[in-house]
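Trainee: I would like to learn how to read the strands, helices and chain contacts of a model. Please show me the entry first.

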Amino acid sequence: MKPFDYVRAGSAQDAVRAGAEGRFLGGGTNLVDLMKLEIEKPDRLVDVSRLASDEIEDGVEGLRVGAGVSNSALAGHPLVRERYPLLSTALLSGATQQLRNKATVGGNFLQRTRCQYFYDVFRACNKRVPGSGCDALDGINRFHAILGASERCIAVHPSDMAVAMAALDATVETLKPDGSTRSIPARSLHRLPGDTPQFDHVLETGELITHVVLPASPPKRQFYRKVRDRSSYAFAVVSIAVAFDLEGGRIANVSIALGGVAHKPWRADRAESVLEGGSPSAELFAMAAEAELARAVGQGHNDFKIDLSKRLIVAALRDLSEGKREIAA
Amino acid sequence: MPSISLTVNGEPVSAEADVRTSLLDLLRETLGMTGTKKGCDHGQCGACTVIVNGTRINSCLSLAVGHEGDTVTTVEGLAEGNGLSPLQKAFVTQDAFQCGYCTPGQLCSATALLNEIARGEPSVVTDERVRLSEEEIRERMSGNLCRCGAYNNIVDAILSVAGEPA
Ligand SMILES: Cc1cc2nc3c(=O)[nH]c(=O)nc-3n(C[C@H](O)[C@H](O)[C@H](O)COP(=O)(O)OP(=O)(O)OC[C@H]3O[C@@H](n4cnc5c(N)ncnc54)[C@H](O)[C@@H]3O)c2cc1C
Ligand code: SF4
Ligand code: FES
Ligand code: FES
């Protein structure tokens with residue numbers, strides 16, 4: 001590991017002042033790991049893990065959660081269990097209790113890909129070393145993207161929480177080094193790789209996530225399901241977050257986000273437009289799934305994810321409309 | 001080198017350590033407390049599990065400098081006086097280990113698990129009410145790998161302490 005300066009920030013303002021030339025440290029469960037491998041080499045670490053670390057406030061605009069809140073505290077919060085059950089399930093299906101106790105909301109959003117060539121410093125990876133190539137293209141790409149990839153990078157974003165946040169239309173609040181703030185829809189926080197896969201998200205250098213706000217009245221029917229190679233402690237092969245209401249027998253306020261399929265949590269806009277206003281039926285669900293996956297491209301080992309995603313969409317919609325899944329209070 | 005003060009197993013300690021030192025290396029190398037084990041050093045095996053301010057974490061992925069003022073419990077702090085804790089006894093009677101390398105992490109994890117259940121904290125397999133079951137234990141202990149495969153007996157040991165049929 002390369003030596004660095006360590007600063008513990010007393011406030012968000014302190015953090016951005018100190019953070020401009022460095023990196024923010026949340027729980028460190030991703031950053032410290034990558035620093036050990038010298039994939040990340042910050043000169044300075046600004047510890048923000050204790051900032052707003054117990055701040056979960058309910059207000060008119062919704063539930064406002066501090067970026068330093070741990071993944072386990074958020075998952076177990078009574079209001080999250082009651083009103084945003086899909087978020088609780090998503091958080092609890094990620095990593096392990098030890099990691100969730102340490103991992104923060106801000107750090108979970110900005111965790112980096114688990115592409116094995118990104119981790120292997122002897123292999124070509126445009127995300128790690130821009131312009132070096134992408135060994136995943138002709139490599140083992142079972143875990144890689146089927147939507148929105150580029151010829152420069154086919155990695156996926158690994159977070160479960162971020163998929164739930166995208167489906168719930170959460171908003172990320174940030175503070176910039178110049179003192180200005182902005183609100184970014186969680187679904188637009190991450191970006192597609194294009195020609196610059198070294199950038200995972202739209203935040204500027206030194207921009208701090210301070211809070212995430214969950215809307216006050218999310219859809220009542222909610223569901224998160226993670227398909228993985230073993231039943232616990234594994235990253236998603238594909239995951240899905242679905243939320244909607246049934247109003248007079250018709251689907252309303254529907255949102256669907258997929259994980260494990262793209263460089264960012266993938267909002268299934270096309271499926272949503274097929275579904276909105278329709279009455280639940282196997283045909284409608286299949287049409288929605290087909291519409292969304294029409295653009296999907298397999299890379300060889302991950303071709304199966306296309307059918308798997310379709311089947312997940314159909315199954316999630318069916319179970320939810322039959323009321324078999326979590327209903328928010 | 002930064003100086004770090006924290007409480008380990010009830011004793012206040014201060015130490016100087018390179019800023020890159022993990023909490024695990026601080027415990028093992030600087031403080032000479034080798035009960036906590038290093039398996040992978042990358043957050044994947046759970047051998048390094050310790051309890052910090054009442055919650056369990058992987059000490060290998062945590063920088064020691066970040067723990068200023070924290071209260072840490074390691075496997076050396078689980079015994080009650082000179083006697084083993086009920087969970088430690090259960091690991092012996094249920095034969096919950098072979099080589100023993102993962103055991104300190106298993107014990108810290110399981111100790112914290114019993115407290116999480118008592119506090120009513122959910123896991124992904126929890127429906128409405130949290131209650132100790134084999135399914136809950138397997139899910140909640142999935143961050144502690146055992147190369148010897150002592151899993152069945154580990155589950156039995158935890159169940160037996162909770163007063164459920166083993
Ligand atoms: C073995 C293992 C298994 C895992 N399995 C899963 C899984 O199944 N599902 C899943 O979703 N995740 C999984 N994870 C990943 C885990 O969820 C992340 O490591 C964790 O959420 C990162 O949070 P952190 O606070 O520790 O982030 P850190 O490691 O501290 O930081 C991560 C990144 O975010 C930046 N950052 C942190 N806080 C802020 C902030 N407030 N503002 C701006 N930038 C910030 C840091 O600079 C860094 O770039 C796993 C991790 C491990 C080690
Ligand atoms: S898929 Fe992306 S992260 Fe993986 S090797 Fe290619 S460029 Fe790197
Ligand atoms: S040594 Fe920490 S998890 Fe393996
Ligand atoms: S007893 Fe040997 S690794 Fe668990």
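Mentor: Begin with the terms: helices (H or I, at least four residues) and strands (E, at least two) are DSSP runs, numbered from the N terminus. Two strands pair if DSSP finds at least two bridges between them. Here β1(A) and strand β3 (residues 44-47) of chain A pair in the parallel sense over four bridges. Within this pairing, Tyr6(A) stands opposite Leu45(A) in β3(A).

Trainee: What conventions apply to the numbers?

Mentor: This is a predicted model, in which local features need pLDDT of at least 70 and side-chain atom pairs count only at pLDDT 80 or more, while totals for chains, interfaces and linings use all residues. Residues are numbered from 1 along each chain as its sequence is written, chains are lettered from A and ligands numbered from 1 in the order in which they are written, and side-chain values use heavy atoms, with hydrogens and water left out.

Trainee: Which order do the three strands of the open sheet in chain A have?

Mentor: In general, strands of a sheet pair through backbone hydrogen bonds, either parallel or antiparallel. In chain A the order is β1-β3-β2, with parallel pairing. The edge strands are β1 (5-8) and β2 (23-25) of chain A, each pairing on one side only. Neighbouring strands of this sheet are turned by 30 degrees against each other on average, direction ignored; for such angles, axes are lines fitted to C-alpha atoms, for helices over the stretch in contact, and angles run from 0 to 180 degrees between N-to-C directions.

Trainee: How many bridges join β6(A) to β7(A)?

Mentor: Five bridges join β6 (residues 171-175) to β7 (residues 181-185) of chain A, and the two strands run antiparallel. The bridge partner of Glu173(A) is Ser183(A) in β7(A). These strands form a hairpin with five residues between them, and Gly179(A) in the turn has a positive phi of about 90 degrees.

Trainee: What pairing does the five-stranded open sheet of chain B have?

Mentor: The pairing is mixed, and the strand order is β2-β1-β5-β3-β4 (chain B). Because β2 (11-16) and β4 of chain B stand at the edges, each with a single partner strand, one side of each is left without a neighbour in the sheet. The twist averages 40 degrees from one strand to the next. Strand β1 (residues 3-8) of chain B pairs with β2(B) in the antiparallel sense over six bridges, and Leu6(B) has Val13(B) in β2(B) as its bridge partner. Helix α1 (residues 23-30) of chain B lies across β1, β2, β3 (49-52) and β4 of chain B, at about 85 degrees to β1(B). Contact means heavy atoms within 4.5 Å.

Trainee: How many residues does the contact take from chain A and from chain B?

Mentor: The contact takes 33 residues from chain A and 35 residues from chain B. Buried area is the accessible area (1.4 Å probe) that two parts lose on being put together, summed over both. Between chain A and chain B this is about 2600 Å², with carbon and sulfur atoms giving 53%. In chain A, Lys36(A), Gln98(A) and Tyr233(A) lose the most area to chain B, together 24% of what that side buries.

Trainee: How many salt bridges are there between chain A and chain B?

Mentor: A salt bridge is a side-chain nitrogen of Lys or Arg within 4 Å of a carboxyl oxygen of Asp or Glu. The count between chain A and chain B is two. Arg50(A) forms a salt bridge with Asp70(B), the closest N and O atoms being 3.3 Å apart.
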